Amino acid sequence: MTASATLAELLADLARILPKERFLTEAAQLAPYESDALTAFRARPCAVVLPQTSEEVVEIVRTCARHKVPFTARGSGTSLSGGSLPVEGGVVIGLNRLNRLLRLDPNERIAVVQPGHINLRVSDAAAPYGLYYAPDPSSQPVSTIGGNLAFNSGGAHCLKYGMTSNHVLGAKVVLPTGEVVELGGESLEGLGPDWLGLFVGSEGLMGIALEVTLRLLPKPEKYHTLLAAYDALEKAGDAVAAVVASGLLPGAMEIMDNLAIEAAEAAVHAGYPTAARALLIVELEGEAPQVEAEAEQLSRVIERSGPYEVRVARDAEERMKIWKGRKAAFSAVGRLSPDYIVQDGVVPRSKLGRALAEIERLSQEHGLRVANVFHAGDGNLHPLILYDGKVPGELERGERLAGEILRMCVRLGGTITGEHGVGMEKKEYMPEMFAEADLEAMRRIRRAVDPLELSNRGKMFPGGEAPAVTAHGAHPLEQAGVISRE
Amino acid sequence: MQHKIPVQELGPQGEIMAHAVEACVHCGFCLPACPTYSVLGEEMDSPRGRIFLMKEVLEGNLELEEAAPYLDKCLGCVGCVTACPSGVPYGELISTFRGWSEPRRHRPPFQKLYRMAIQETLPYPRRFRAAAMLGQLGQRMKPLLPKPLQAPLELLPEALPMAQPLPELFPAEGRRRARVAFLAGCAQQVLQPNFNWATLRVLAKNGVEVLIPQAQSCCGALAMHTGERARALSLARNNLRAFSGEVDAVLTNAAGCGSGLKEYPLLFRGEAEETEAAAFARKVRDVSVFLAELGLEPPPALKTPLKVAYHDACHLAHAQGVRAEPRALLRSIPGLELLEIPEGELCCGSAGTYNLEQPAIAATLGERKARNILATGAQVVATGNIGCFTQIQTHLRKLGKDLPVLHTMELLDKAYNG
């Protein structure tokens, strides 16, 4: 059968599942779905479908499987690693209309949501019961739980509470082959291997979550948010190590360098000391007497780290302002430079100072500015490499610099991604971290779940297409994802 | 975002558009701030999606007519500008794009006629008055009329107030503290003349002498935001002349007009009057900002306590960044309790002529706003824009709730005069 006949049949079958207004195939409807938040990659799907029920999602996946056409699930399209980039000629399944909160049980402290539910809305719904959902990626007012699950999203407060995987109890999932399975349950105590753990962070390669059961935590009674300004980046880095060495476990510890401060300040007027070379945000949280005791200890440690200015948020509004600046920092860097690459590497906390010095050296060597905003507490660096795509060669230089930073992270004993995922962006760096045997084992597991590699094909694993294709060389239509062989 | 917009060919307007596209990093922080995205849930009906569509059209990759339905659905509320961390001047982009694209559009004849009818009546109080009176006749025949003609009729009041021409000068009471020129607005002169009279009385009470240049015309915002660039330029040129006298400030009491006047430098980019327009725009203030800066004469306490929900007009809050001042003025009235409306940053769906051109989405947003207002338990709604007034009142009434909607100045006026 010819590729165009396959495509026509697929489209006809999809049209039977969805009404016209939720089945998008025109150029103007497809173009805005070509990229997520990583615009360096663009790919046009053959269709975008907007299901409103789990049943529709299952039908769509089964239809794609029957026609052997790859598909990509997409929520709000905020991935910074190209995780929700469409497969060229494949189907995009937009899940943002599956956005309902299905159940909230304050006694069991769980919330069951659909994948398109916005992260922050979970906490909004839980707030009347004194509960909240802990993982707080900077994109939390926008990004969806489905996407958070696929990329095991982190956030400023991971230091104390862990990543998304520590807060997901169960998920109902449609596998790429069309079966619907339940992973995990409603409590932390499971049976057998951690199947759910395998699904969380699998970057959409193992199917699509239809319902997700989240763990809610009691809202901290008291926050103590401190802002320390330093005249050197390394001092801030050393302060982080000192805080941890003192036995404290803050909810969050964040560092921003001068460029990031400048950008964030321009964006949201957070009131940051703009002359600082580095800004450290430390937040203690918990029961009032404990936080008060810890606050005293913290101020002693910070005092010894040599800041030139220390501020403490006096009320909830001041605290929100401090965080608003931090959380807007990535996008705000768009004010300083027409283009930038967001990196997401991890180094052991003790090597933070060395890593920062190395980034500074690499930045000078490549002649490109690097802004640093990062989750210092868990060593998760976010260097933002500023370049101008209109200047010939700058993009390539930026990419080389980004690569060297990632290699440095691996060399120092860290990883190539803390929370943004591998996606499209970092798949070529996977061999830097994993041996061929590791990668092959991962591929085997993926193929066991998705033999045709239809679900978010082309992400995470280095190289091109399915193994059969790479062995024999791909037909152009196969590369485009329009056809595939068994 | 990278682009290949032919800036050279497009001239000063091209630079404005290219600059906005460059600033967008596609992060998606605009999505929850966009009213159409929140209603339709589609990427092409989001600010980020529309920026992408405009870029594609300007680069020649996409036919204008294919992108147009999605660009037309943009309210121009610029809620996305408030939400955008990268500082994308989206309002400048969409206005300029509409000016560039309108002459290239192939609209069906009825749509062309309908748009022209709006542009030829709304900005002219006398014509609008005549049309509105005709419309009241039409209200009785509403079920017989084609659907597009029903939307404007729904927004008309049952009875039109008397036409009361404004004087050329409204003197200050007591010691004169300032002298200003006042733009009277178009639709509000016909629909709610008391907005202006209350404003003049409040200004007088505060020692402000007000000139009302009789040669003034519509600010041109309606024309500018719907792509009628030539018409907007002609109206704006007239106002530059009419407001050339020496005053401390040029005041408006309509959010849409205020942001329209402040956009003159954008409109005149590359034209002979560019510098003059910039100097003029620097003098423009919303009346609430001017009074807050001047220092308000303390109003006496209300006889009975009043719960007031303040509605942020998009063209005050998002387009001009005016949020604190009207609230501060209202809070200065003893006995007035100010309430915040849930989802307050979301447009009510009025948006200039939007509720006439996209009635379905406008009605969804209008009802959502009305329900959010009712959830506050307020007795009165305050706002600083005629469009929001009409939209909110219509949708409150549709829900069977007839709570009064007043201009911020009307509440101050009532407070001063017991």
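This is a predicted model: local features need pLDDT of at least 70, side-chain atom pairs count only at pLDDT 80 or more; totals for chains, interfaces and linings use all residues.
**Overall form of the chains**

Chain A contains 17 helices and 20 strands. Its radius of gyration is 23 Å, close to the 23 Å that the globule rule gives for 486 residues, so chain A is as compact as a globular protein of that length. Chain B has 23 helices and 9 strands. For its 418 residues a compact globule would have a radius of gyration near 22 Å, and the 21 Å of chain B agrees with this. The table lists further values for the chains.

| Property | Chain A | Chain B |
|---|---|---|
| Box filled by the C-alpha atoms, along the principal axes | roughly 75 × 60 × 45 Å | roughly 65 × 50 × 40 Å |
| Buried residues | 51% of 486 residues | 51% of 418 residues |
| Contacts at a separation of at least 6 that join residues at least 24 apart | 71% | 76% |

**Contact between the chains**

The contact between chain A and chain B takes 28 residues from chain A and 26 residues from chain B. On the side of chain A that touches chain B, the elements giving two or more residues are α2 (27–30) and α11 (316–332) of chain A. Of these, α11(A) gives the most, with 4 residues. By class, this side of chain A divides into 14 nonpolar, 10 polar and 4 charged residues.

**Nonpolar cores**

The largest nonpolar core holds 202 residues, and the members that touch the most others are A264(A), L279(A) and L280(A). Domain 1 (7–104) and domain 2 (298–416) of chain B both give residues to this core, so it lies between them. For L279(A), the contacts beyond its neighbours within four places in sequence are with L227(A), A229(A), I255(A), M256(A), I261(A) and Y272(A).

**Helix α4 of chain A**

Helix α4 of chain A spans residues 119–126, and N119(A), V122(A), S123(A) and A126(A) in it are buried. These residues cover an arc of only 90 degrees around the axis, which puts them on the same side of α4(A).

**Domains of chain B**

The domain assignment of chain B gives domain 1 (7–104) and domain 2 (298–416). Their C-alpha centres lie 28 Å apart. The contact between them takes 14 residues from domain 1 of chain B and 13 residues from domain 2 of chain B. On the side of domain 1 that touches domain 2, the elements giving two or more residues are α2 and α5 (79–83) of chain B. The largest share of that side, 4 residues, comes from α2(B). By class, the side of domain 1 of chain B that touches domain 2 has 7 nonpolar, 6 polar and 1 charged residues.

**Residues with positive phi**

Most residues other than glycine have a negative phi. R109(A) is not a glycine, yet its phi is positive, at about 55 degrees. With 16 C-beta neighbours inside 10 Å, R109(A) counts as partly exposed, since buried requires 20 or more and exposed 12 or fewer.

H26(B) is another residue other than glycine with a positive phi, near 65 degrees. H26(B) is placed in the loop between α1 (7–23) and α2 (35–40) of chain B.

How values were computed
Residues are numbered from 1 along each chain as its sequence is written. Chains are lettered from A and ligands numbered from 1 in the order in which they are written. A nonpolar core is a set of buried Ala, Val, Leu, Ile, Met, Phe, Trp, Tyr and Cys residues joined through C-beta atoms within 7 Å. Domain bounds come from an automatic or database domain assignment. Two residues are in contact if their C-beta atoms, placed from the backbone, lie within 7 Å. The arc is that of the directions from the helix axis to the C-beta atoms. Ala, Val, Leu, Ile, Met, Phe, Trp, Tyr, Cys and Pro count as nonpolar, Asp, Glu, Lys and Arg as charged, and the others, Gly among them, as polar. The radius of gyration is taken over C-alpha atoms; the globule rule is 2.2 Å times the number of residues to the power 0.38.
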